[in-house]
Amino acid sequence: MSGLRPRGPGWQAVWPALAGVAQAASIAWPGSGQALGWLQVVSLTLLAAGLARLAQAPFTRGREAHPLKRAAWFGGVFATAWLAGSFWWLYVSMHQVGGLPAPLAALAVLALAAALALYYAAASAVWVSLARGLVAERPGLASALFAAVWTLAELMRGRWLTGFPWGAGGYAHVDGTLAAFAPWVGVYGMGAVAAWLAMRLALAGWRLRALKPLIGVGLAAWALQVFGPVFTTSAGLGQVQLLQANISQTDKFQAASGVRDALQWYDAQLRASQQPLVVAPETAIPLLPRHLPEGYWSGLQAHFAQPGRPVALVGAPLGSLDEGYSNSVVALGPAGTTPYRYDKSHLVPFGEFIPPGFAWFIRMMNIPLGDFRSGGWDQASLVWQGQRLAPNICYEDLFGEELARRFKDPATAPTALVNVSNIAWFGNTLAVDQHLNISRLRAIELGRPMLRATNTGATAIIDHTGRVTDQLPRFTRGSLTGTFEGRHGLTPFARWASAWGLGPLWALCCVVVAWAFWKRQRP
């Protein structure tokens, strides 16, 4: 920790910012999209070391800021850099697509990151306040306390004000050792293990005792992989064709270009499909059915109603002014097939609904935004050839606890998940890699394959272990045909999250904080 001795106000802003940038890079390394779990732990260890030094500093008045204020500063700067580095691509949607002036778009991204960073600033200050006296005497409890307050900050960011957990630390471990914890405790639990490990390493310094927590976590992960029970069993194989039109967002809603192109291409691909299941991405049909050319929608329905035709899952906006509009997925199938429709439940603020008081901000951008209504949380799966397919739209797969609600009844639980997305809003950026890793982690958590049909990428088939078995080149037009294996059975995460959501994690973290507070008060 000696390398983190104060060197003036400038240095106290630089080092947490650099550590935060490293945290962002760990989630999807630029140029490769690879997640680097070790870098996430190292970057968080740097922050933990700085906080540990503050926890041992005297709370006296002087020229330097109070340790709690410095702790909040360190945590806030770290998180601002981490979050801005994780979702900087929002700039593309606001400036290049929406036409918002570049300075305002950059400022909006930074402001969002800074606002969300307040959770971590508060967590850092709380830890330094409660860890005084614990760092030296009870390092194990001090580490557990850091994991608890850091995880509470992650949970708050992921749930409050509709939630925006993009870039959570656990995603850095989708390819790493801590992925073994995913079926048990989910992405937030993985982040908690990483936070505990980071503080243990920080308190151990460069001594040999730092190997103990590393070995301990490694052995625990190995045991979960090797000796853990098999939670799921095969539900059979399925053949699928996933479509990717690669229509840029600037053209998507232009009647003379993107709309006409989408209608022609998807109509041809859907009608030509020979696979039992064909999936078109979010808003593949970009217009309400009544606004489509005469006979277009009824023609598709009639085509798939014929005996022997496949079942098609197609993303399209539905509804009316009276009943409200929805971002939906519709199933088209042979006559006698039960009608199926899924309406998106977790809507995107500023994208699918306008938060109160922000109409002025939306008016500054030239984006055709809808005011959609949310679908229910208990929507059924599509029953198809012995499988139960559960659609989710766009960033709904970011909320594993919400997808887990569909697993409450094992008898009707999905055997496969289907994500339809359109990330063309964000151009050719890391958002594509990050979203793919998010889907992969959902597959590991819930023990289900994930079929991804996207407008520009990454269109892919992911198995129940999170492995990408087939993938279409990004930003190309084409279709991906492949095989997936549905699964029966529930992972521990699916079992407890379907019943209680993230409540057990909230409760456990609060218990640890209360325990540390009680120990802190004892002489």
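Visitor: In this predicted model, which loop holds C394?
Guide: Start with the two elements on either side. One is strand β7, residues 387-393. The other is helix α14, residues 400-403. C394 sits in the loop between β7 and α14.

Visitor: Is C394 buried or exposed?
Guide: The cut-off for buried is under 20% relative accessible area. C394 has 15% relative accessibility. Because that value is under the cut-off, C394 counts as buried.

Visitor: What is the phi of C394?
Guide: Most residues other than glycine have a negative phi. C394 is not a glycine, yet its phi is positive. The value is near 55 degrees.

Visitor: Which loop holds F475, and what is its phi?
Guide: F475 lies in the loop between β11 and β12. F475 is a residue other than glycine, and its phi is positive. That phi is near 55 degrees.

Visitor: Why does F475 count as partly exposed?
Guide: Partly exposed lies between the two cut-offs, under 20% for buried and over 50% for exposed. F475 falls between them, so it counts as partly exposed. Its relative accessibility is 27%.

Visitor: How many disulfides does a search of the whole structure find?
Guide: A disulfide needs two cysteine sulfur atoms within 2.5 Å. Take C509, which is in no disulfide. Its nearest cysteine sulfur, that of C510, is 7.0 Å away. For the whole structure, the search finds zero.

Visitor: Is C509 buried or exposed?
Guide: Buried means under 20% relative accessible area. C509 has a relative accessible area of 7%. Therefore C509 is buried.

Visitor: What is the strand order in the sheet that contains β6?
Guide: This is an open sheet of six strands, and the pairing is mixed. β6 (382-384) and β11 (468-471) are the edge strands, each pairing on one side only. From one strand to the next, the twist averages 20 degrees. The order is β6-β7-β8-β9-β10-β11.

Visitor: Which residue of β2 is the bridge partner of V240?
Guide: Strands of a sheet pair either parallel or antiparallel. β1 (residues 233-244) and β2 (residues 277-279) run parallel, joined by three bridges. In β2, V240 has as its bridge partner L277.

Visitor: How far apart are the C-alpha atoms of T338 and V383?
Guide: T338 lies in the loop between β4 (324-332) and β5 (340-343). T338 is exposed, with a relative accessible area of 61%. Along the chain, T338 and V383 are 45 residues apart. Their C-alpha atoms are separated by 8.6 Å.

Visitor: How much accessible area does the nonpolar surface patch with W222 have?
Guide: W222 is in helix α9, residues 211-226. W222 is partly exposed, with a relative accessible area of 46%. The patch is formed by L208, L211, L214, I215, L219, W222, V226 and F227. Together they have about 870 Å².

Key: Residues are numbered from 1 along each chain as its sequence is written. This is a predicted model: local features need pLDDT of at least 70, side-chain atom pairs count only at pLDDT 80 or more; totals for chains, interfaces and linings use all residues. Side-chain values use heavy atoms; hydrogens and water are left out. Buried means under 20% relative accessible area, exposed over 50%, partly exposed in between (1.4 Å probe, protein chains only). Patches are made of residues with over 30% relative accessible area and no salt bridge: like charges are joined within 9 Å, nonpolar side chains (Val, Leu, Ile, Met, Phe, Trp, Tyr) within 5 Å. Accessible areas come from the Shrake-Rupley method with a 1.4 Å probe; for residues, only the protein chains shown count as cover. A salt bridge is a side-chain nitrogen of Lys or Arg within 4 Å of a carboxyl oxygen of Asp or Glu. Helices (H or I, at least four residues) and strands (E, at least two) are DSSP runs, numbered from the N terminus. Two strands pair if DSSP finds at least two bridges between them. Axes are lines fitted to C-alpha atoms, for helices over the stretch in contact, and angles run from 0 to 180 degrees between N-to-C directions.
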